[in-house]
Each structure stands twice: as C-alpha cells, then as structure tokens.
Amino acid sequence: MHLSHALLLAALAIPAATAPVGAQELSGTLKKVKDTGAITIGYRDSSVPFSYLDGNQKPVGYAYEICLKIADAVKAQLKLDKLEVKLNPVTSATRIPLIANGTIDLECGSTTNNADRQKQAAFTNTHFLTATRYVAKKEKGLDKTDDLKGRTVVSTSGTTNIRQINEINAARGLGMRILPAKDHAEAFLMVETGRADAFVMDDVLLAALVAGSKTPDAYAISSEAQSKPEPYGIMLRKDDAPFKAVADAATAALYKSPEGKALYEKWFTQAIPPRGINLKLPLSEPMQKALAHPSDSADPAAY
Amino acid sequence: MFANFDFSVIGASLPYLFGQGMVFTLTLTALAATGGIVFGTLLAMMRLSSIPGLTHAAKLYVELMRSLPLVLVIFWFYFLVPYIGAWATGSATPIQVGAFSSALITFTLFEAAYFAEIMRAGIQSIPRGQTAAARALGMSYAQTMRLVVLPQALRNMLPLLLTQTIVLFQDTSLVYVLSLTDFLGAASKVAQRDGRLVEMYLFAALVYFAVCFTASLLVRRLQARTAIVR
Amino acid sequence: MNYTWNWGIFQEPSPEGAGTYADMLLSGLSWTIATALASWVIAFSLGSVIGVMRTLPSRAANAVGAAYVELFRNVPLLVQMFLWYFVLPELLPAGLGTAVKQLPDAPFYTAVLCLGFFTASRVAEQVRAGIQSLPRGQRMAGTAMGFTTVQTYRYVLLPNAYRIILPPLTSEFLNNLKNTSVALTIGLLELTARARSMQEFSFQVFEAFTAATILYLLLNLVVIAGATLLERTVAVPGAR
C-alpha cells in the first residue's frame with residue numbers, strides 16, 4: 001500500500017501546496033474559504049421544495065437559497081471580492097460523512113436536526129418543522145401506523161425516518177419489510193410502481209412528491225404521524241464555532257426579516273419549478289414562531 | 001405493449017444526457033484508464049521485481065482490490081480520501097476532494113489492480129532470452145524494461161487493456177450510488193423526474209450496448225492486426 | 001485525523017431491534033452468500049449451454065450463443081439490474097407485473113435472475129474457450145466410437161473442458177460474489193448495503209466498512225480454498 005499512499009500524496013499535495021497561505025487569525029471552514037476563494041454546498045436530488053433539481057437539472061429550493069445567503073454572509077465577513085460557490089450532490093446516506101470529511105461545507109436540504117446527529121455535525125437555525133408520516137396509494141386504504149402490519153415499506157436510507165420506522169417495527173412487532181432507497185424520488189417510485197405499499201418520510205416531502213406526481217389524487221398521506229414535528233437545519237461541520245456564528249447570524253437575520261417570509265412564501269405557497277405545482281402550505285403558527293425566534297435546538301418540544 | 005410509453009421524453013433530454021452525463025462518463029473513463037494503466041504498470045513491475053518488499057506490497061494491493069466489490073470501494077474512497085489527504089499533507093483538517101476527483105481516484109486505484117495483472121502477464125510473455133540479451137548488452141533494468149520488454153508487452157496486451165477499458169466504461173455507471181451525474185445518473189434523474197423509467201432505462205441500455213459493442217468489434221479488428229506471430 | 005473510533009460499536013444494539021450491529025452485518029453476509037450461490041446455479045447451467053452452443057457445428061446455435069454473450073456483456077450490470085427490476089414488470093401483462101412486484105423478497109429474486117443471466121455470458125465464454133482448447137482428436141475419437149454429439153460432449157469434451165477451466169471459473173464465481181453488491185441499488189440487504197445502513201445509524205463509517213472488507217476477504221479465502229480442494233479432487237491422475 002506504500003505506493004498508493006505516495007501517489008495519493010502526489011495527487012493531493014498539488015492543490016494543497018499551491019493554495020495561498022495567510023489569514024492566521026481564521027480557523028476551520030472560514031480559513032479554508034478565505035484560502036481557496038470557494039465554498040462547497042451539498043444539494044439534494046429530490047428534496048422538494050427544499051433542495052432539488054429543476055427542469056434544467058440545476059439545484060434550486062428553499063434551503064438552497066438559504067445556503068446562498070449564508071455564502072453571501074461568509075463573503076461579506078471575509079471581505080472577499082469574489083466567492084465561488086461549488087456544488088456537490090449528496091444523498092441522505094452520504095451527507096453526514098461528506099460534511100465530516102470536508103467534501104462539502106454546507107448541506108442544504110431537509111436534514112432533521114436531532115441530538116444524535118449533533119454528535120456528528122452542527123446545525124444552524126431551524127428552517128422548517130415536519131413530522132414523520134407515510135404515503136400510500138388510496139386504493140390500499142392505509143392510514144394508521146398499525147395498518148402497515150406485514151406490509152412492504154420503503155424509506156430513504158440514512159434518514160431519521162427509516163430509523164424511526166425500524167424502531168416502531170421492532171417495538172410493536174409489526175413484521176414490516178423495510179427497504180432502503182437511495183433518495184426520495186426513488187423511494188416514491190417504489191410506491192408508484194407498486195414495489196412497496198408505503199413510503200415513510202417527513203410529511204412535507206411526501207406532500208411535495210404527491211403534488212408533483214402524475215396522479216396526485218391517487219395517493220393519501222397517513223393521518224397518524226410516526227413522530228412529533230422535528231426541526232430541519234442547514235448542516236455544517238461541528239466544532240467550528242466561528243463559521244457557525246456567521247451562519248447563525250445570517251440565518252437569524254434572514255428569518256426575522258420580511259425577506260425570510262417572502263422566501264418561505266415563494267417555495268411553499270406559490271408555483272415552483274419544474275412543473276409549476278403549488279404546495280399550498282401557508283406559514284403555520286409553530287413555523288411563524290420558529291422564524292421569529294430563530295433557534296438551533298434539536299428538541300421538538302422547543303418549538 | 002409499448003402503448004403507454006412516451007419515447008419523446010428521450011429526445012427532449014438528449015442535450016442533458018450526452019452534454020453532461022456522457023461527457024462525465026467518458027472523461028472519467030479516459031482519465032481513470034490512463035492513470036490505471038500507468039499505476040498498473042508500476043504495480044506489475046514491482047510485483048515482478050526481485051525486491052521482496054516491493055513484490056509483497058504489490059501483491060497485497062492487487063489481491064486486496066480484486067477481492068472487494070467495486071461498490072464498497074467507491075464508498076470507502078468517497079469517505080476516506082479527504083482524511084488520507086489530510087494525513088499525507090500533514091493538515092489538521094480533511095482535504096477537500098470534489099466528487100469527480102474522488103471518483104477518479106477510486107477508479108484509478110481500483111482498475112490499476114486489474115491492469116496490473118494484464119501487464120504482468122504481458123511482461124511475462126516476453127521470452128527470457130530477450131531480457132538476458134538486453135542485460136548482456138549492458139542495459140540497466142530500467143532500460144531493459146523501457147526499450148525492450150514494455151514496447152512488446154504493450155503491443156501484446158493492447159487488446160486486453162482496451163477490453164478492460166470497456167469494462168471500466170461500464171463500471172463507471174456505479175457512481176450512481178453517490179448520486180453523481182454520469183450517463184446513467186442523468187438518465188435516472190430524468191426517469192424519476194418525469195416518471196419515465198421504462199423509456200429512459202431502455203434507452204440507456206441501448207446506448208451502452210451500442211458504445212461497448214462497437215468498441216469491442218474495433219478491439220477485435222485491432223487484435224487481428226497487431227498480433228505478433230511467433 | 002479528527003475521527004472518533006469506536007470499535008465497541010459492533011456489540012451495541014442496532015435500531016432495528018433485532019440484535020446488535022454485528023448481527024446486522026452477518027445477516028447481510030448471509031444474503032450475499034445466498035444470492036451468490038443461487039445466481040451461480042443459473043449462471044453455470046445457462047452459461048454451459050450457451051458455451052456449448054458456440055462450439056456446435058450448427059450456424060444457428062452459434063449465432064444465438066454469440067448474440068446472447070454480446071448482449072449481456074455489453075450492458076453495464078447496474079443497467080441490467082434496473083431493467084429487470086423497474087422495466088420488466090411494466091412490460092408484462094398488468095396482472096402478472098403486479099404479482100411480480102408484490103413478491104416478498106422481490107429484490108432477492110430479481111438480483112438472482114439478473115446476476116445469473118449476466119454471469120452466464122461470462123461462464124459461456126470460459127466454457128467455449130475450454131472446449132476449443134481441447135485437441136480436435138478428442139471430438140473425432142468420440143465420433144469414431146459411435147457417440148452421438150450429446151454423448152461426445154457429455155462423456156468426452158465437457159469433463160475435460162471443465163477441468164481445464166476450473167481456475168477461470170473460480171474467478172468468475174468470485175466476480176459473481178462481488179457483483180451481488182450491485183443489488184443494493186434495488187434494495188437487496190446484502191453485506192455492503194448493511195455496512196452502509198450501519199454507517200447511517202451509528203455514524204461509524206470506517207468501522208462498518210472495515211468489518212465488511214474483512215468479511216469479503218474471508219469469503220474470498222474460503223472460496224479459493226474450496227476451489228483448490230475441488231481441483232485436487234477432480235484431477236485426472238497422471239494428467240498434466
């Protein structure tokens with residue numbers, strides 16, 4: 001393996017060695033951004049309307065725009081003339097390792113902020129609240145958690161939801177078959193094509209998938225939730241307080257301003273690309289509170 | 001039976017499928033094949049050298065890579081390379097490696113093990129008398145390899161190396177598991193966006209088949225022309 | 001390296017409620033083995049038939065065999081996996097398609113079929129090469145003894161060809177074993193998939209992948225040892 005190390009060293013040392021050095025007072029991500037003049041945003045394929053690909057296969061979305069605001073704030077903070085925003089696709093399964101190993105600096109999507117994950121990554125202020133539910137074809141007549149008994153259920157691998165449904169399955173002995181899918185679109189596809197009976201996910205994502213499907217009327221979302229409403233946050237590397245401070249200040253200012261409300265309305269109450277569907281999800285009372293008093297707490301009870 | 005299918009979705013997405021997807025696939029294939037052949041040749045020479053440390057290291061590397069599924073190796077490297085980079089450069093924080101570079105490093109290192117075995121067979125196919133003759137002429141080991149053995153070995157092995165490159169071209173489709181936009185990734189993104197799985201996957205299969213089949217026919221013709229008759 | 005190692009993780013219960021993370025990986029291992037063995041049965045039998053077809057005097061048989069090999073060799077395995085899983089049921093009559101999709105363990109059956117047909121094309125090439133490497137005199141001797149074509153293959157050509165191609169068949173078997181990991185894309189909970197789930201649940205990326213790597217290496221060793229034993233058992237005394 002010696003030679004492979006040597007080659008890797010050669011391959012990797014070149015960009016590292018040519019990067020300008022300076023700005024001693026900075027550390028972590030801010031230093032890296034200053035040195036390289038670039039920040040990398042991780043985006044999702046199909047987390048509608050948070051972070052997904054539009055008709056031209058370019059990332060768009062509510063969380064994606066929040067990330068661009070954070071990038072602007074970083075640029076202003078570092079007094080850079082130019083900041084290149086690089087994009088890297090992530091899946092639910094890859095996002096946490098990629099944040100940890102430095103491939104991406106900000107993860108913009110629909111990542112649930114919980115205590116477990118805070119051991120791996122940091123989260124900025126909450127940008128949405130959502131509970132776990134499931135979607136199924138109406139003709140199957142599924143509505144409650146116990147209706148899933150003995151069914152084939154799909155969820156996206158690497159999400160809190162697949163963990164919750166596994167725990168419920170074990171605790172209540174429902175005997176479900178739980179299949180992991182790579183991303184939300186693939187999971188929904190399993191329900192659409194009849195490969196699975198139900199798709200367990202955050203209700204807002206399910207609503208967006210149903211609205212964007214060929215036959216929105218054919219699907220129903222369960223009335224019983226499988227979790228309390230949990231907060232979504234933009235994910236960044238842990239133990240990087242200066243960077244988090246910039247991101248927190250930028251998101252807090254955005255959420256409290258009329259611009260934050262407008263941004264919310266743009267993605268949740270108006271027609272969105274690629275097919276001009278409208279999710280019709282006006283600002284709920286807990287969401288109004290969450291935006292008025294920005295918080296990065298992982299505790300659902302705090303909202 | 002194709003009554004419900006809409007093949008116009010393919011036409012509409014051609015620029016994306018080829019302009020982005022196929023370009024990614026071909027670039028990755030070309031760069032990884034080049035890197036893989038260079039590193040693979042080195043590994044083969046290490047393995048055939050008479051220095052026990054080098055021989056064993058190369059053997060271990062080749063056997064390890066050939067024992068693991070590519071999917072697992074892709075995950076390994078995507079998560080691990082930034083840490084190795086940090087370790088190699090003495091940096092305190094992981095080095096940022098983009099998705100494409102990461103895929104490139106993975107495929108180069110993985111395919112090198114397969115290229116190494118082809119090269120080893122190629123080098124061993126050169127009669128020992130030639131090496132002995134070169135040494136008798138006063139050539140160094142490096143000169144013997146560069147001027148006598150490798151040119152002939154490469155000629156013998158060219159069809160196999162190209163066939164392995166076709167395999168590599170097919171293998172790059174596995175970056176799908178990382179959500180990167182190679183040709184198959186692009187096809188599946190369109191398929192999922194428009195709910196047109198059948199059309200897109202059939203089309204992807206057709207394109208892969210056309211490319212690989214044509215390439216393998218060309219390799220066979222080349223093989224007939226370059227074979228050294230002994 | 002700012003990564004927190006925790007090798008004790010394997011002893012901790014997995015959130016699936018059915019045992020520890022180690023049990024999770026072992027269940028993945030058994031799916032990997034089951035898929036590899038079941039698909040090898042198809043690959044070996046079908047591959048032998050196709051390989052034999054390519055050595056028959058019949059032109060039609062040759063063409064069919066060649067077409068099969070080219071078709072399955074020139075499309076990436078992952079694409080073939082999607083064709084079997086997502087495309088095939090849609091092309092079947094509606095009732096049958098739905099039945100196929102609702103089979104319990106559909107990913108397993110799909111993966112077995114897909115890998116079986118895919119690997120068969122590779123086995124076929126080996127079988128053909130094995131038969132063609134035999135001296136022509138063997139086929140003639142068979143005919144001279146009054147054997148039919150079937151008997152010539154059954155008693156003369158195949159027993160010799162299989163012995164010759166045992167080493168390349170072993171490596172095709174190993175390839176087939178490794179290729180089972182591609183089925184994680186259609187939801188088969190095999191070893192790589194389980195290592196990935198373990199990473200997602202526990203966040204211990206490198207422990208999970210190290211364990212999977214070791215298990216794959218052990219599987220390889222077992223197969224190689226088995227093949228060596230088999231080679232020794234079936235060797236014709238005095239030959240080579």
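Trainee: What percentage of the residues of chain A count as buried?

Mentor: This is a predicted model, in which local features need pLDDT of at least 70 and side-chain atom pairs count only at pLDDT 80 or more, while totals for chains, interfaces and linings use all residues. Residues are numbered from 1 along each chain as its sequence is written, and chains are lettered from A and ligands numbered from 1 in the order in which they are written. A residue is buried if 20 or more other C-beta atoms lie within 10 Å of its own, exposed if 12 or fewer, and partly exposed in between, with C-beta atoms placed from the backbone. Of the 303 residues of chain A, the share that counts as buried is 51%.

Trainee: What radius of gyration does chain A have?

Mentor: The radius is taken over C-alpha atoms, and the globule rule is 2.2 Å times the number of residues to the power 0.38. For 303 residues, a compact globule would have a value near 19 Å, and the value for chain A agrees with this: 20 Å.

Trainee: How many helices and strands are there in chain A?

Mentor: Helices (H or I, at least four residues) and strands (E, at least two) are DSSP runs, numbered from the N terminus. Counted in this way, chain A has 11 helices and 16 strands.

Trainee: Why is strand E14 of chain A described as largely enclosed by the rest of the structure?

Mentor: The strand covers residues 230-237 of chain A.

Trainee: Which residue is the bridge partner of A:Phe123 in E14(A)?

Mentor: Two strands pair if DSSP finds at least two bridges between them. Strand E7 (residues 121-123) of chain A is joined to E14(A) by 3 bridges and runs antiparallel to it. Strand E6 (residues 106-112) of chain A also has 3 antiparallel bridges to E14(A), with A:Thr112 opposite A:Tyr232. As for A:Phe123, its partner in E14(A) is A:Met235.

Trainee: Which residue does a cis peptide bond join to A:Val48?

Mentor: The residue in question lies in the loop between E2 and E3 of chain A. Omega of this bond is about -5°, and the residue joined to A:Val48 is A:Pro49.

Trainee: Is A:Asp239 buried, partly exposed or exposed?

Mentor: A:Asp239 is in the loop between E14 and H9 of chain A. It has a positive phi of about 55° although it is not a glycine. Because A:Asp239 has 10 C-beta neighbours inside 10 Å, it counts as exposed.

Trainee: Where do the buried residues of H11(A) lie when seen down its axis?

Mentor: In helix H11 (residues 285-292) of chain A, the residues A:Met287, A:Ala290 and A:Leu291 are buried. The arc is that of the directions from the helix axis to the C-beta atoms. The buried residues of H11(A) fall within an arc of 95°, so they line one face of the helix.

Trainee: Which helix gives the largest share of the side of chain B that touches chain A?

Mentor: Two residues are in contact if their C-beta atoms, placed from the backbone, lie within 7 Å. The contact takes 32 residues from chain B and 35 residues from chain A. Of the side belonging to chain B, the largest share is 8 residues, and these come from H3(B).

Trainee: Which helix gives the most to the side of chain C that touches chain A?

Mentor: Here 19 residues of chain C are in contact with 19 residues of chain A. Helix H4 (94-102) and helix H9 (191-202) of chain C each supply at least two residues of the side of chain C. With 5 residues, the helix that gives the most is H9(C).
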